[in-house]
Amino acid sequence: MGIQGLTGFVEERGSFFTELRVRDTKLVIDGSSLYHRLYFASTDDFRRGGDYGPFAAAVGEFFGSLRACRVAPFVVLDGGRDADDRKLPTLKGRAAERLRAAHGLSRGEGGCLVPLLTREAFVQALGRLGVPFVQCFAEADREIAGLANRWGCPVLSLDSDFCVFDLAAGYCPLSHFQWRSVCPGEGEEGSYVPARCFSVEKFCRHFSHLNKSLLPLFAVMNGNDYIDLAALEVFFSKVRLAGGCAVGKGGKHARLQGLLRWLSQFAEPTEAVDSLLKYLKKHQREEIRELLCTSMEDYTPSDVNLEDFFQNGKYECEAARKADLPWWVLDALAKGKLAPFISDALILRSTFLHVQVENMQRPSAHSTALPIRQVIYGLLLKVSQNTEAASPSKQSNELPVVCEFDRLQKTLKKTFVQAASLPTDFCDDHFTLDKLIEVPTSRRRMLLLETLGVKPSILESIPSHLQLPVAVTCYWICCSEPKVNSHQLKALLLTMVSGELHRITNDPDPTVVHAEDDTIAYNEFLKWKEKKLQIKDFDLDAAHSFCQWQCCLQMGLYLNQLLCTPLSEPDLTSRLYSGTLVHRLYQELKSTPSVENLFSSSPKMTRVYQVLLNTVAS
């Protein structure tokens, strides 16, 4: 994220920082940067598709450290893509990078990849911890800067764009935020998190006292997430510094430093832009000027009042007003109760499906969940199904189409997917988006279960918080290609049972009495987990099948949220799914079928496992 090469240059120099003791302050946190950083720190296994329990524990420890230093965190998450979709080329590039990383991991090479449900697990963890957070309507950077300046507190992120924003209390990179090393304070001052803060003053002083108002122009000319101007290559090849060398020539970071030194001769951005345009062809100049000026506005802190959201729960911004969405959808988006996937499908009719470590020779794992996505699109776009705008061919009898970016083998490909026509029972006026919230829960539940191909009666014996995962598992068994085998199914269900056992034996409520046999079973399970396993091959086909399950669970979650949660939302933070564990169980079940009796010392857990198995088998 951010400005090309700037993080590397700043880190390499090391002299642009000031030491900071973070305590007794508000702190505005870039949620996307934080959950990536915490996930990568919580595991060393990126092949097996998601250890959400240890990740949730790391999130809890992080905010525990802040609480110990009396730091009040406010997390700000990115929403969907901007309505003008200017960032699309960058997003496609990142999706291609993720695809390369996933392919490398599938072949046993190194690399890091955030699993599919990390963002959902992070949002759930924030809710469980009571950490205030907001999901912006689109890109969060400007709103993060605006809130931090309103409160006069630092920004915590790992995005070099914040080196360019004019921030009243500065930018703390997560790489220098030592939350695991809280220091005891001296006297009455109390403990603090040792950190470093980027100093715009030191940075500008290094480049001949560069005026900081020129930094947004530097970011745009150097290349950022929104702009990569090929036309400026002419400038970089022609312009020379006082020493006679071209701006773009030299060693590592030479172009970046050359550009900053060139900019330092100007008093303000307009003067620099005028000088730059002289190097370009006349017919390009006005278009480039407009593009540069528009792009520089991306570094102006937003006037969206996030303080109002954190105090009164009201989120208002111009882009949201222009989108003209139902009030309950806007409210749910701001509170993280609907994912950015939903707003992208609704406003842009375009979505990205994130790749996992799967078998690249097979169709994308997301193809299994396509019918669920089509129902989501049908619900979202039904409001305007018969309008001219909704139909690409401008014929009202055609269903709306959504453009999906997904993988085809090892390349990123876009596919046009038709929204589903809702079943006859759900075609009345109440199933339009604006009135969906008014539909009785029983009818919304019926549409969810009908989409998953599950009869309500089979879930009656399932605990409410497991009903959606079990319904999704039934769908996965029916729709996966190749078919799910019994070892894969049992491994998944045993993982769910281990999550249940962890949940009840680690309940923080002191009034809850734990059954002794549950505690014994949990301790035996921990001993089993600690046993050194003989190294086994990574089973790519099993991994692909478990990836399909995660895709189905993700879309099942999104459909459930869109239908205003007719089923309880499953808690990803309570170890419902662990990629490392499900793969180990799968391998052991093949060689040692008795592993199926792993929880036999707990009658309650044995009963839960049998109920789950009988339900999905039926």
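Trainee: Contact means heavy atoms within 4.5 Å. Leaving aside its neighbours within four places in sequence, which residues is alanine 231 in contact with?

Mentor: First, the ground rules. This is a predicted model, where local features need pLDDT of at least 70, side-chain atom pairs count only at pLDDT 80 or more, and totals for chains, interfaces and linings use all residues. Residues are numbered from 1 along each chain as its sequence is written, and side-chain values use heavy atoms, without hydrogens and water. Beyond the neighbours within four places in sequence, alanine 231 touches Leu280, Gln284 and Ile288.

Trainee: How far apart in space are alanine 231 and leucine 280, C-alpha to C-alpha?

Mentor: Alanine 231 sits in the loop between H8 and H9. Helices (H or I, at least four residues) and strands (E, at least two) are DSSP runs, numbered from the N terminus. In sequence, alanine 231 and leucine 280 are 49 residues apart. In space, their C-alpha atoms are separated by 7.8 Å.

Trainee: Is alanine 231 buried or exposed?

Mentor: Buried means under 20% relative accessible area, exposed over 50%, partly exposed in between (1.4 Å probe, protein chains only). Alanine 231 has 18% relative accessibility, so the residue counts as buried.

Trainee: Why is helix H10 described as largely enclosed by the rest of the structure?

Mentor: H10 covers residues 254–263. Its buried residues include Leu256, Leu259, Leu260, Trp262 and Leu263.

Trainee: Which helices do the buried residues of H10 pack against?

Mentor: The buried set in H10 includes Ala254, Gln257 and Gly258. These buried residues pack against helices H1 (6–13), H7 (200–206), H8 (215–222), H9 (233–238) and H11 (269–277).

Trainee: How far apart are the centres of domain 1 and domain 2?

Mentor: Domain bounds come from an automatic or database domain assignment. It gives domain 1 (4–208) and domain 2 (323–381 + 398–615). The contact takes 42 residues from domain 1 and 49 residues from domain 2. Taken over C-alpha atoms, the centres are separated by 28 Å.

Trainee: What radius of gyration does the protein chain have?

Mentor: The radius is taken over C-alpha atoms, and the globule rule is 2.2 Å times the number of residues to the power 0.38. With 618 residues, a compact globule would come near 25 Å. The chain agrees with that, at 26 Å.

Trainee: How much of the protein chain is buried?

Mentor: The chain has 24 helices and ten strands. Its C-alpha trace spans about 80 × 70 × 50 Å along the principal axes. Of the 618 residues, the buried share is 55%.
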